[in-house]
Amino acid sequence: MTTPVRTSASRATSHGHAPYASFSSYMRARGPVLLRTARSLTANPLDAEDLLQTALTKTYVAWDRIEDHRALDGYVRRALVNTRTSQWRKRKVDEFACDEVPEPGAVHDVDLADRQVLHDAMWRAISRLPARQRAMVVLRYYEDLSEARTAEVLGVSVGTVKSAVSRALGKLREDPELAPVR
């Protein structure tokens with residue numbers, strides 16, 4: 001008869017003497033080392049902290065299922081890499097490369113007071129439109145609905161939306177308060 005082979009890990013868990021008695025003790029002992037690993041995966045220290053927090057959350061959820069607590073660092077490192085890879089795949093590109101650098105003053109040339117005056121004039125002009133045209137203009141251009149969706153919301157045909165919006169835009173072009181914009 002053969003005796004089952006017991007590794008040091010199985011002995012530790014069978015006697016209840018795991019190297020880390022709790023998740024908190026593991027965190028206190030290994031947190032700084034794991035943070036260095038997370039920092040090596042990201043350029044921003046704050047992103048590294050978020051990354052580690054996410055990986056540790058995953059570890060905490062699986063804490064009772066991890067039999068060999070000597071392998072916890074490997075588990076957390078794998079969670080760090082997998083989480084970072086997922087973030088990288090999902091990232092939204094906010095900056096795009098371009099051939100020319102924009103003029104430094106171009107962004108700040110717009111006077112905010114002038115912009116507000118134009119905004120107010122536009123809303124006054126829209127408020128002078130007939131109710132049906134006003135609703136169609138707001139749905140089409142402020143709510144960014146398609147012609148078909150605008151027609152569906154208002155219970156009219158797409159052709160009605162097209163003609164009413166066309167008439168409304170003509171009235172807005174002729175509005176004397178909006179003349180400085182032209």
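The secondary structure of this chain comes to eight helices and zero strands, and the model that shows them is a predicted one. Read from the N terminus on, the elements follow the order α-α-α-α-α-α-α-α. Where contacts join residues at least 6 apart in sequence, 51% of them link residues at least 24 apart.

**The nonpolar cores**

- The largest nonpolar core has 17 residues, and those that touch the most other members are Tyr26, Leu34, Ala38, Leu52, Leu56, Val76 and Leu80.
- Two or more residues of this core come from each of the helices α2 (23–41), α3 (45–62) and α4 (72–90), and it is α3 that gives the most, with six residues.
- Another core lies apart from this one and consists of eight residues, including Ala125, Leu129, Val137 and Leu178.
- Leucine 52, one of the residues of the largest core that touch the most other members, is in contact with Gly31, Leu34, Leu35, Ala38, Val76 and Leu80 when residues up to four places away in sequence are not counted.

**How α2 and α4 pack**

- Two packed helices are described by the angle between their axes and by the distance between those axes.
- For α2 and α4, the axes come within 11 Å and cross at roughly 35°, and the crossing in which α2 passes α4 is right-handed.
- On the α2 side the contact is made by Tyr26, Arg30, Val33, Leu34, Thr37, Ala38 and Leu41, which meet Leu72, Asp73, Val76, Arg77, Leu80, Val81 and Arg84 on the α4 side.

- Alanine 48 is found in helix α3, and it counts as buried because its relative accessible area is 0%, under the limit of 20%.
- Leaving aside neighbours within four places in sequence, alanine 48 is in contact with Leu35, Ala38, Arg39 and Thr42.
- The C-alpha atoms of alanine 48 and leucine 80 are separated by 9.4 Å, although these two residues are 32 residues apart along the chain.
- Aspartate 47 also has its place in helix α3, but with a relative accessible area of 41% this residue is partly exposed.
- Between aspartate 47 and arginine 84 there are 37 residues of separation in sequence and 9.8 Å in space, taken from C-alpha to C-alpha.

- Arginine 36 and leucine 52 are 16 residues apart in sequence, and their C-alpha atoms are 9.5 Å apart in space.
- Aspartate 144 has its place in the loop between α6 (131–142) and α7 (147–154), and it has a positive phi of about 60° although it is not a glycine.
- With a relative accessibility of 66%, aspartate 144 likewise counts as exposed.

Conventions: Residues numbered from 1 in each chain as written. Predicted model: local features only at pLDDT ≥ 70, side-chain atom pairs only at ≥ 80, totals over all residues. Heavy atoms only, no water. Core = buried A, V, L, I, M, F, W, Y, C linked by side-chain atoms within 4.5 Å. Buried < 20%, exposed > 50% of the residue type's maximum accessible area, 1.4 Å probe, protein only. Helix = DSSP H or I, 4+ residues; strand = E, 2+ residues; numbered from the N terminus. Contact = heavy atoms within 4.5 Å. Axes fitted to C-alpha atoms, helices over the stretch in contact; angles between N-to-C directions. Left-handed = near helix turned anticlockwise from the far one by under 90°.
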